[in-house]
Amino acid sequence: MVVVTSPEKNVSADLKSRLIGPIILLGPPGAGKGTQSRELVARYGIPQISTGDILRDNRARGTELGKQAEKLMDRGVLLPDQFVSDMVADRLRHADCARGFILDGFPRTIPQAKWLDEFLAGCDASTAVVVKLDVDYNQLLRRLAGRRTCPTCGRIYNVNFQPPRVPDACDIDGSKLVARKDDSEEVISARLKAYEKETLPLADYYRASGRLREINGDQPVERVTAEMFGAIENDRV
Ligand code: AP5
């Protein structure tokens, strides 16, 4: 049963001091993992760890890691498991992950999920809550084609569903919004195929251990957020 919790922004300090543990957001490209991560950060005060964002940041800064990732990302292909797992391990060692963290876009393959289970074994809250966002295929195509992102604050918009107040400008800081390079028609198709083949099997992996919570992501953002909070707090808080 999914308990729906109000997504009010002024949550008690209590939620922000409790041990929350790992929250894994699972779902196809465009399901709303990044959008919902921001709500989780605001509610629980734990960091979002998006492997896609870390990689894009490295690319923007021209690091060696970014250069290695570039070609595969632009084709919509997954990066090697070890490469991504090492990156996540570095991030999870930061002190801000002590009460919990949100994994957005990781794990994405069975080997990554097994690696994570081993990495977290023995931690205070080693058992993750895995929230899977389900969205209709055609809706995913519309969402990805219309996505725009603020290069300064990272806020996510959609020209069809969540437009900025002023076209092409961020509501928060006025920066000119950009489309992601991998949101072209051809690359979207490759990314969705990679999801079906390599990531979808994770649903069974987590279902088998009772960790999977499935949510209809094909609803207004606020409704998805409320159901997600309910699913997490049913387990954790
Ligand atoms: P990554 O950046 O992780 O991309 P992704 O998984 O394809 O997910 P997206 O960021 O496209 O979608 P999202 O679910 O976050 O949706 P969003 O909230 O933005 O990965 C990019 C690449 O990096 C991969 O292809 C791969 O090469 C590499 N990579 C990353 N992690 C890896 C890993 N672990 N292993 C190997 N390789 C890895 O929303 C989308 C749009 O929909 C937005 O415009 C938003 O406004 C809108 N929207 C959201 N919710 C709703 C709603 N409820 N109703 C209407 N519109 C909505």
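In this predicted model, an N or O atom in the side chain of Arg-147 sits 2.7 Å from an oxygen atom of the ligand. Two further side chains make approaches of this kind.

| Residue | Ligand atom | Distance |
|---|---|---|
| Arg-147 side chain (N or O) | oxygen | 2.7 Å |
| Arg-108 side chain (N or O) | oxygen | 2.7 Å |
| Gln-162 side chain (polar atom) | oxygen | 2.5 Å |

The ligand on its own would expose 1000 Å², and the protein buries 97% of that area.

**The ligand shell**

The shell holds 36 residues, and those that come nearest are Thr-35, Arg-147, Tyr-157, Gln-162 and Arg-191. Four elements each supply at least two shell residues: helix 1 (33-44), helix 2 (51-61), helix 6 (137-146) and strand 6 (156-158). Helix 2 provides the largest share, with four residues.

**From Arg-108 to Thr-199**

Arg-108 also takes part in a contact within the protein. Its backbone oxygen lies 2.8 Å from a polar side-chain atom of Thr-199. Thr-199 belongs to helix 7, which covers residues 185-199. With a relative accessible area of 3%, Thr-199 falls under the 20% limit, so this residue counts as buried. Beyond its neighbours within four places in sequence, Thr-199 is in contact with Leu-26, Arg-108 and Ala-194.

The peptide bond between Phe-106 and Pro-107 is cis, with omega at about -5 degrees. Pro-107 is placed in the loop between strand 3 and helix 5.

**Nonpolar cores**

In soluble globular proteins, nonpolar side chains tend to be buried together. Here the largest nonpolar core contains 27 residues. Leu-103, Leu-116 and Tyr-206 have the most contacts inside this core. At least two core residues come from each of strand 1 (21-26), helix 3 (64-75), helix 4 (81-92), strand 3 (100-104), helix 5 (110-120) and helix 8 (201-208). Helix 4 gives the most, with six residues.

Leu-103 has contacts from several parts of the chain. Not counting residues up to four places away in sequence, Leu-103 touches Ile-23, Ile-24, Leu-25, Ile-49, Val-88 and Leu-116. A second core is separate and has 23 residues, including Ile-20, Ile-102, Val-129 and Leu-192.

**Glu-233 in helix 9**

Glu-233 lies in helix 9, residues 221-236. Its relative accessible area is 14%, under the 20% limit, so Glu-233 is buried despite being a charged residue type. The side chains of Glu-233 and Tyr-44 are joined by a polar contact of 2.4 Å. Ile-20 is one of the residues of the second core.

Asp-168 is in the loop between strand 6 and helix 7. Asp-168 is not a glycine, yet its phi is positive, at about 70 degrees. Its relative accessibility is 40%, which lies between the 20% and 50% limits, so Asp-168 counts as partly exposed.

Methods. Residues numbered from 1 in each chain as written. Predicted model: local features only at pLDDT ≥ 70, side-chain atom pairs only at ≥ 80, totals over all residues. Heavy atoms only, no water. Near = heavy atom within 4 Å. Polar contact = N/O pair within 3.5 Å; in protein donor to acceptor, adjacent residues only side chain to side chain. Areas by Shrake-Rupley, 256 points an atom, 1.4 Å probe, with all protein chains shown as cover. Buried < 20%, exposed > 50% of the residue type's maximum accessible area, 1.4 Å probe, protein only. Contact = heavy atoms within 4.5 Å. Core = buried A, V, L, I, M, F, W, Y, C linked by side-chain atoms within 4.5 Å.
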